[in-house]
Amino acid sequence: MLAIEADALRRTYTSRTGWPRSRRTETEAVRGVTFEVKPGELFGLLGPNGAGKTTTIKMLNTLLLPTSGTARVFGHDVARDPVAVRHRIGYVFGGDRGLYDRLSALDNLRYFAELYGVGARDQKRRIAELLDLVGLVGREKERVEGYSRGMRQRLHIARGLLHHPDVLFLDEPSIGVDPVAARDLRRTVADLAAAGTTVLLTTHYMAEADELCDRIAVIAGGRIRALGTPGSLKSRVGDRDVLDIEAYGAGDEVIDRVRRVPGVRGASVEDRGAMQTVSVQTDRGAELHAPVLAAFDGVRLGRVVSREPSLEDAYIAIVEEAAGSAAPEEVPA
Ligand SMILES: Nc1ncnc2c1ncn2[C@@H]1O[C@H](COP(=O)(O)OP(=O)(O)OP(=O)(O)O)[C@@H](O)[C@H]1O
């Protein structure tokens with residue numbers, strides 16, 4: 001039996017905007033999403049802001065009803081049998097909500113164990129197991145208010161696992177977590193999947209997705225644009241080379257000029273304080289150093305590094321390809 005089956009899932013939000021005369025607008029957040037996740041699989045859902053990832057997860061975990069389409073978790077329909085679905089799933093979202101700061105980690109877990117109906121005999125053993133899994137043994141009697149972001153996130157995961165769910169939804173678990181804590185968090189997630197829990201993960205960190213996920217769906221504009229193993233997604237840009245160029249003050253007109261250099265397949269910019277890293281995808285073997293650097297025309301440049309395409313490059317290519325047709329439409333209802 002499959003862990004998750006989503007079949008042509010759609011969700012449209014209706015809201016009122018405008019003053020003094022408000023009008024009804026509809027946003028098609030998810031526009032026909034179909035995928036399957038096998039038991040024990042670690043499945044990633046990637047996509048830009050507003051792509052429809054959270055909406056998809058909320059339909060799968062029974063917090064939102066689909067406008068149309070169906071979804072099943074271990075065979076239980078999310079709309080017709082939400083109680084059975086809830087018994088099989090746990091939900092962990094990034095950020096600060098959902099824990100009691102004044103209580104210790106142990107008391108938080110005891111409280112939620114009561115709430116989730118974990119039997120008194122099972123509670124103590126389960127809590128000890130989970131503290132061990134998420135690496136909080138020895139810190140469990142401290143109040144959560146003194147916890148770092150990474151520790152909170154690991155406690156969130158323990159909370160989401162109290163009732164032995166078969167599927168765990170992790171919505172941006174590493175948001176705001178420093179690199180070292182994020183590495184520990186990844187290890188926790190990998191251990192969890194290795195122990196047989198099915199994990200559906202959303203993240204904006206491509207390296208995290210590359211390291212953890214068995215398969216990834218890239219979603220943009222409410223539709224799946226690519227689905228496969230990290231390797232198969234990367235092979236989509238296997239015919240390219242990438243130049244990473246450090247620049248100081250390259251504006252949109254400069255990046256447009258770079259994009260127009262013959263042989264350049266795409267360019268993206270990541271701001272790092274005063275410095276920018278401009279990643280330029282070129283045809284493989286095209287040796288475009290000189291014309292690409294010339295296109296920066298007077299902008300101060302730092303290091304230039306040539307490298308193989310990464311999952312992030314594949315992701316950018318997929319999302320840019322989708323961009324023309326994919327923006328969620330707001331239409332007057
Ligand atoms: N309650 C709501 N009412 C109206 N529109 C909404 C609502 N929730 C989300 N949307 C819209 O639906 C679209 C998809 O949002 P969603 O939160 O699912 O995206 P996401 O991929 O999770 O984004 P992010 O990475 O920013 O969390 C967006 O255009 C968003 O503005």
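How many of the 8 residues of helix α1 (residues 53–60) are buried?

**View 1. Helix α1 in this predicted model is mostly covered.** Of the 8 residues that make up α1, 7 are buried, and these are Lys 53, Thr 55, Thr 56, Ile 57, Lys 58, Met 59 and Leu 60. Just after the helix, Thr 62 takes a positive phi of about 75 degrees.

**View 2. Leu 60 and its contacts.** Leu 60, one of the buried residues of α1, touches Ile 4, Ala 6, Ala 71, Val 73, Val 78 and Phe 169, when residues up to four places away in sequence are not counted. Both Leu 60 and Phe 169 are among the residues with the most contacts inside the largest nonpolar core.

**View 3. The largest nonpolar core has 70 residues.** Besides Leu 60 and Phe 169, the residues with the most contacts inside this core include Val 199, Leu 200, Val 218 and Tyr 315. Helix α11 (residues 311–326) supplies the largest share of the core, with 8 residues.

**View 4. Residues 326–333 and the confidence of the prediction.** Over residues 326–333 the pLDDT stays under 50, and for this stretch the model has 21 contacts beyond four places in sequence. For the protein chain, by contrast, the mean pLDDT is 90, with 96% of the residues reaching 70 or more. For the complex, the predictor gives an ipTM of 0.96 together with a pTM of 0.87.

Definitions and conventions: Residues are numbered from 1 along each chain as its sequence is written. This is a predicted model: local features need pLDDT of at least 70, side-chain atom pairs count only at pLDDT 80 or more; totals for chains, interfaces and linings use all residues. A residue is buried if 20 or more other C-beta atoms lie within 10 Å of its own, exposed if 12 or fewer, and partly exposed in between; C-beta atoms are placed from the backbone. Helices (H or I, at least four residues) and strands (E, at least two) are DSSP runs, numbered from the N terminus. pLDDT is the predictor's confidence in each residue, from 0 to 100. Two residues are in contact if their C-beta atoms, placed from the backbone, lie within 7 Å. A nonpolar core is a set of buried Ala, Val, Leu, Ile, Met, Phe, Trp, Tyr and Cys residues joined through C-beta atoms within 7 Å.
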